[in-house]
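Hi,

Here is the structure I promised to pass on. Have a look at it first, then read my notes below.

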Amino acid sequence: MQQQMKARPRSGGQVLVDQLLIHGADTAYCVPGESYLEVLDALHDVADRFTLINARHEAGAANMAETYGKLTGRPGICMVTRGPGACHASIGVHIAQQDSTPMILLVGQIARETTDREAFQEVDYRAMFGPIAKWATQIDDARRIPEYMARAFRVATSGRPGPVVIALPEDMLTDIVEVADARPYSAAQAQLSAADLGALTAEIAAAERPLLLLGGSGWTDGSAAAITRFAEQNRIPVACSFRRQDIVDNLSPVFAGDFGTSTAPTLYAHQRDADLLVVIGARLGEMTTRTYTTMTPPSPQTRLVHVYPDPDEIGRVYSPDLGIAAAPGSVAAALDGVDLGRAGAWDGWCERLHRDYLTDSDAPNGGDWDLDMGVALAQLRGTLPADTIVTLDAGNHTGWAQRFLRYGRPGRIVGSTCGAMGYSVPAAVASAIAHPERLTLAFVGDGGFMMSGAELATAAQYGARPIVLVFNNGIYGTIRMHQERDHPERISGTTLAGQDFAALAKGLGAHAERVTKTADFAAAFERARQSGRPAVIELVTDPEQISTRTTIGKLREAARQKARA
């Protein structure tokens with residue numbers, strides 16, 4: 001444990017940087033601004049212990065910090081300037097809130113003496129970020145920086161993790177103060193009690209067709225392995241919530257699939273057949289419950305056990321038969337090695353769910369499309385390293401990665417669960433910088449790439465080598481799908497045209513290729529891996545193939561039939 005430093009004269013900026021080091025931070029992502037020059041200057045003195053990554057846009061910096069939080073379980077640090085900088089970074093805060101990711105956003109602020117005059121770029125960040133952060137505050141006294149920063153790290157990581165926003169008046173950062181440093185923080189997490197463990201195992205043991213649903217944040221490689229051992233020992237099928245498929249190895253005989261945007265119809269049927277749903281770590285939000293339709297709020301038809309680190313979340317939408325406040329790691333550790341004596345009774349149920357998952361993720365025949373990414377990814381998945389990091393953007397194109405790739409620790413799937421476009425490229429850059437020894441593979445649509453593709457320049461600057469797959473079908477795919485479903489053949493505002501993604505990527509320092517046929521993908525991917533640079537593979541796909549499960553033609557025909565009915 002680092003020794004607490006004695007009080008000595010320091011600027012507010014120096015005090016702040018010392019607190020970051022004391023609490024174990026080693027990286028921050030920023031777009032520089034004059035409002036926090038003192039922090040930047042203090043970071044210059046600790047460059048041997050702290051890495052500062054300057055992104056190309058504040059949204060990119062915030063998404064990088066959020067990604068760091070997902071990968072490490074420690075708060076991702078983002079630094080931006082006041083006004084426009086903070087507004088740009090707000091999307092990362094929203095993602096961190098909905099994805100339960102530990103994050104701290106430090107915002108340079110106007111001088112204290114100009115407050116409430118609508119000074120240059122003035123914003124009240126408590127009011128602005130209050131609804132989308134766990135805690136939003138401002139430090140007006142440099143002597144209280146250690147207090148505020150210690151609390152920020154604890155709030156960001158305790159209970160349900162999330163984002164903290166701290167405004168830093170520029171004149172406060174230049175004040176010279178003598179103040180002692182805080183002790184290194186420790187997160188507070190609810191633990192599973194012996195009584196809770198007894199109640200939980202009794203519920204599972206009494207079921208005829210139990211189904212585990214795992215999700216949320218806070219899963220380590222160790223806790224993921226522990227919950228997998230429990231499920232395998234007892235032959236209990238396991239599904240994951242939206243974009244949390246890496247908790248359980250997808251080739252484990254207990255894995256049943258995921259509840260999200262690419263869910264197999266068979267898994268929804270199995271959920272209806274289950275007589276007990278045990279949810280650990282997931283919120284039971286809109287994406288996981290198909291807009292709250294697969295379970296009826298507030299009282300679902302299926303018996304429900306909900307285990308979640310924050311007691312305020314339990315019963316928010318669905319009233320459980322048993323609610324337990326406990327962190328996922330605590331639950332996994334307690335269940336590891338528990339034999340409920342029902343494996344024989346559940347074996348057939350478990351085998352059926354896993355078999356249906358494998359069938360649904362089999363490669364399609366690929367006969368209808370020049371470039372069929374289902375076929376291409378099914379061919380690729382066996383060649384990917386076990387520790388590959390996959391980052392996902394928002395959009396229908398992610399269905400191919402979610403359905404046809406396999407996940408499991410130490411590999412990671414990193415994607416926003418709140419549907420934020422422009423996330424995947426900065427997430428891939430942050431992942432590749434943090435783990436240069438691992439393959440980072442990003443999935444992004446043409447619309448999402450245009451929002452944040454410039455962060456490839458950040459990757460090139462820092463020697464990171466993510467491979468970015470850009471799905472170019474010339475449309476905002478998800479919105480076009482909804483448009484064709486509700487207003488068929490009335491296209492409005494969803495067409496994209498005129499981008500040369502290969503030329504753009506090359507200009508940003510990346511290797512780039514364009515692929516139009518399935519047979520050409522594997523070789524292009526291998527060239528990207530061997531390029532020694534960040535790489536972009538533009539995938540020219542047919543907009544008719546709007547998702548992995550339907551086409552525009554089928555959507556239009558369904559709409560016509562509905563109109564005739």
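Let's start with the cysteines: there are zero disulfides here, a disulfide being a pair of cysteine sulfur atoms within 2.5 Å. For Cys 30, the nearest cysteine sulfur belongs to Cys 78 and is 7.9 Å away. Cys 87 isn't in a disulfide either, with the sulfur of Cys 78 nearest at 13 Å.

Before you go on, keep in mind that this is a predicted model: local features need pLDDT of at least 70, side-chain atom pairs count only at pLDDT 80 or more, and totals for chains, interfaces and linings use all residues. Residues are numbered from 1 along each chain as its sequence is written, and side-chain values use heavy atoms, leaving out hydrogens and water.

Now the rings. The whole structure has ten aromatic pairs (rings of Phe, Tyr and Trp, its six-membered ring, with centres within 6.5 Å; planes under 30 degrees apart are stacked, over 60 edge-to-face, the rest tilted). One of them is Trp 400 with Phe 471, a tilted pair at 6.4 Å centre to centre and 35 degrees between the planes. Trp 400 sits in helix α14 and Phe 471 in strand β18, so this pair ties together parts 71 residues apart in sequence (helices, H or I, at least four residues, and strands, E, at least two, are DSSP runs numbered from the N terminus). Ring pairs also bring in Phe 443, making a cluster with Trp 400 and Phe 471.

Phe 449 and Phe 501 are edge-to-face, because their planes are at 80 degrees, with centres 5.5 Å apart.

Cheers
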